[in-house]
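Here is a short briefing on the structure shown below.

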Amino acid sequence: MKISINLLQETQQIQARVRRIGLWLQTISTVVLIAFGVLVFLIISLTFWSDRQANRISEDIEDTKATIEKMRPLESKLLFVKQKLTFSGRVLSEHGVRQDLATGIYELSKEEVTLDHVAVAEDDDFLVFSATAKDIFSLVGFLDRLLSYAQEHEVTRVIGNSFSRAENGSYQFDISIFFIEK
Amino acid sequence: MIDIDLPSQVTLRTVLGMKKYLYFPILALFVVVGLLVFVAVPSIRKVVLLRQEISQKNETLRSLEQKVEVLKSLDENQLLTQVENLERTLPSRKDVFLLLTSLNGLASQTGVSLEQFSLAPGSLATASATDSSTNRSTAQDDLSSSGREAASSQLASLGVEVKITGSFEAVKGFLSNLEQLIPLMRLTTLDLSPASEETPVSLAGTTALPVVPEVSANFTIAMFYASLPTQLGTITEPIQTLTESEQGLYDKLLSFISFPASPSASVPTGREDVFAPF
């Protein structure tokens with residue numbers, strides 16, 4: 001048995017479909033090409049625009065720098081003032097020796113007790129003094145006053161370094177006073 | 001058996017004729033890929049870099065404009081006065097003359113006699129002189145917000161030994177005012193003892209009413225000075241006007257005891273640029 005198929009009709013349909021697809025592809029390609037062209041144009045434009053903007057800002061920076069340069073003496077004075085104030089603040093934040101304690105101890109002495117020497121140094125947390133008391137009563141009176149003073153003036157310890165009695169009945173003594181550093 | 005009879009119109013050429021529709025899409029594809037690789041991607045990269053650069057430059061410009069505003073807000077005369085006052089408060093060099101004037105002035109004011117005064121200042125003017133100071137320390141850690149080239153300058157001190165005599169109250173007054181004196185100084189050692197018989201009996205400046213001194217004080221003081229910085233910070237570095245605490249400190253320093261130096265004392269002020277080399 002012989003079967004005969006005529007594809008002429010299908011051929012025409014295929015050709016029409018191929019043409020449609022071909023036209024569709026060309027249309028899409030054209031659209032994509034145009035769209036991409038526009039995109040590239042925009043990107044290039046943005047590049048140029050950004051470049052110009054960067055140049056303009058650079059010029060503004062240079063102009064502002066020139067303005068600052070003219071005001072440089074003023075700036076240097078301000079920095080000078082700030083620097084001096086920083087250093088001054090640092091100097092004032094630290095205290096020197098406790099001269100208040102030294103003079104305070106000196107004030108404790110009366111006629112019967114003579115302070116021979118009061119010394120205090122910056123890095124020490126104590127002061128030392130030597131004194132001479134007329135007699136034992138003067139000595140005891142002075143020590144009483146000293147202990148009362150110590151309680152009132154941030155003194156942490158009072159140490160008697162030496163006590164010696166002279167032939168005339170007077171007493172010579174050395175005392176160290178430890179205090180809290182300011 | 002199936003026998004297919006192809007029509008005479010459907011030939012190989014007919015089928016191959018379809019490719020004419022593909023030329024343009026393929027060409028377009030090549031163009032797109034080419035543009036993408038050689039134009040779009042480099043341009044996008046460049047744009048990204050430019051935007052970053054613009055952003056940074058904008059930041060710099062803003063900072064500079066802010067600096068200009070700060071500088072414009074400064075009162076030059078007031079600043080000059082502050083420079084002069086602070087130069088006296090914390091001299092830029094070992095100003096022995098200023099120190100002597102101040103100690104002498106305080107001695108006169110409190111009524112003590114300035115008996116001995118000794119120091120070894122070394123060279124007084126050159127930068128190397130300031131390096132030979134008795135005590136120095138860097139100030140890098142102290143300059144925080146305003147930390148700039150000024151930090152290259154250093155705080156140093158000059159040790160001075162002084163002996164005074166006078167009544168106890170006078171000596172006490174002298175000592176208690178010492179750390180409130182211009183230029184800034186600090187008492188580092190103190191030795192109090194009764195004055196010897198041989199000590200002079202006249203008070204400084206009041207020779208008409210002699211009194212017998214009761215107390216003698218030997219002490220050392222550290223007179224502070226800070227050398228000028230040799231260079232300014234970069235032009236783009238931001239600056240600030242005086243903060244409230246700095247202004248408060250300045251006002252406090254103004255209340256310190258100051259004795260005017262004679263006009264012959266050279267104070268490096270009034271220069272156009274205080275940081276310019278000598």
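In chain B, 83% of the contacts with a separation of 6 or more link residues 24 or more positions apart. The model is predicted.

**Fold of chain B**
- Chain B holds seven helices and six strands.
- Read from the N terminus, its elements follow the order β-α-α-α-α-β-α-β-β-α-β-β-α.
- The chain has 278 residues, and 42% of them are buried.

**Interface of chain B and chain A**
- Chain B brings 108 residues to the contact, and chain A brings 78 residues.
- B:Tyr21, B:Arg186 and B:Ile235 supply 8% of the area that chain B buries against chain A, more than any other three residues.
- Between the chains, 18 residue pairs are in polar contact, counting pairs with both residues at pLDDT 80 or more.
- Several elements of chain B each supply at least two residues to the side that touches chain A, including β1 (2-5), α3 (76-89), α6 (168-178) and α7 (244-254).
- Helix α2 of chain B gives the most to that side, with 27 residues.
- By class, the side of chain B that touches chain A has 59 nonpolar, 24 polar and 25 charged residues.

**Strand pairing across the interface**
- Strand β2 of chain A (residues 113-121) runs antiparallel to β5 of chain B, and four bridges join them.
- A:Ala121 stands opposite B:Thr189, a residue of β5 in chain B.

- A:Ser29 sits in helix α1 of chain A, which spans residues 8-70.
- Is A:Ser29 buried or exposed? A:Ser29 has a relative accessible area of 9%, so it counts as buried.
- Beyond its neighbours within four places in sequence, A:Ser29 is in contact with B:Phe24, B:Pro25 and B:Ala28.

**Salt bridges between the chains**
- The whole structure has 10 salt bridges over all chains.
- Five salt bridges cross the interface of chain B and chain A.
- One of the salt bridges pairs A:Lys82 with B:Glu246, at 2.9 Å from N to O.

**Salt bridge within chain A**
- A:Arg98 and A:Glu154 form a salt bridge, with their closest N and O atoms 3.5 Å apart.
- A:Arg98 lies in the loop between α2 (72-93) and α3 (99-108), and A:Glu154 in the loop between α4 (136-152) and β4 (155-165), so the pair ties together parts that are 56 residues apart in sequence.
- A:Arg98 is buried, with a relative accessible area of 5%, whereas A:Glu154 is partly exposed at 44%.

- B:Glu53 pairs with B:Lys57, the closest N and O atoms being 2.8 Å apart.
- These residues, B:Glu53 and B:Lys57, are four residues apart in helix α2, about one turn of the helix.
- B:Glu53 is partly exposed, at a relative accessible area of 30%.
- B:Glu59 meets B:Arg62 in a salt bridge of 2.9 Å, N to O.
- B:Glu59 and B:Arg62 lie three residues apart in helix α2, about one turn of the helix.
- B:Glu59 is partly exposed at 47% relative accessible area, and B:Arg62 is partly exposed at 49%.
- Salt bridges with shared partners also join A:Arg72, A:Glu75 and B:Lys67 into one network.

How values were computed: Residues are numbered from 1 along each chain as its sequence is written. Chains are lettered from A and ligands numbered from 1 in the order in which they are written. This is a predicted model: local features need pLDDT of at least 70, side-chain atom pairs count only at pLDDT 80 or more; totals for chains, interfaces and linings use all residues. Side-chain values use heavy atoms; hydrogens and water are left out. Contact means heavy atoms within 4.5 Å. Buried area is the accessible area (1.4 Å probe) that two parts lose on being put together, summed over both. A salt bridge is a side-chain nitrogen of Lys or Arg within 4 Å of a carboxyl oxygen of Asp or Glu. A polar contact is a pair of N or O atoms within 3.5 Å; within protein, one must be able to donate a hydrogen and the other to accept it, and residues adjacent in sequence count only if both atoms are side-chain atoms. Ala, Val, Leu, Ile, Met, Phe, Trp, Tyr, Cys and Pro count as nonpolar, Asp, Glu, Lys and Arg as charged, and the others, Gly among them, as polar. Two strands pair if DSSP finds at least two bridges between them. Buried means under 20% relative accessible area, exposed over 50%, partly exposed in between (1.4 Å probe, protein chains only).
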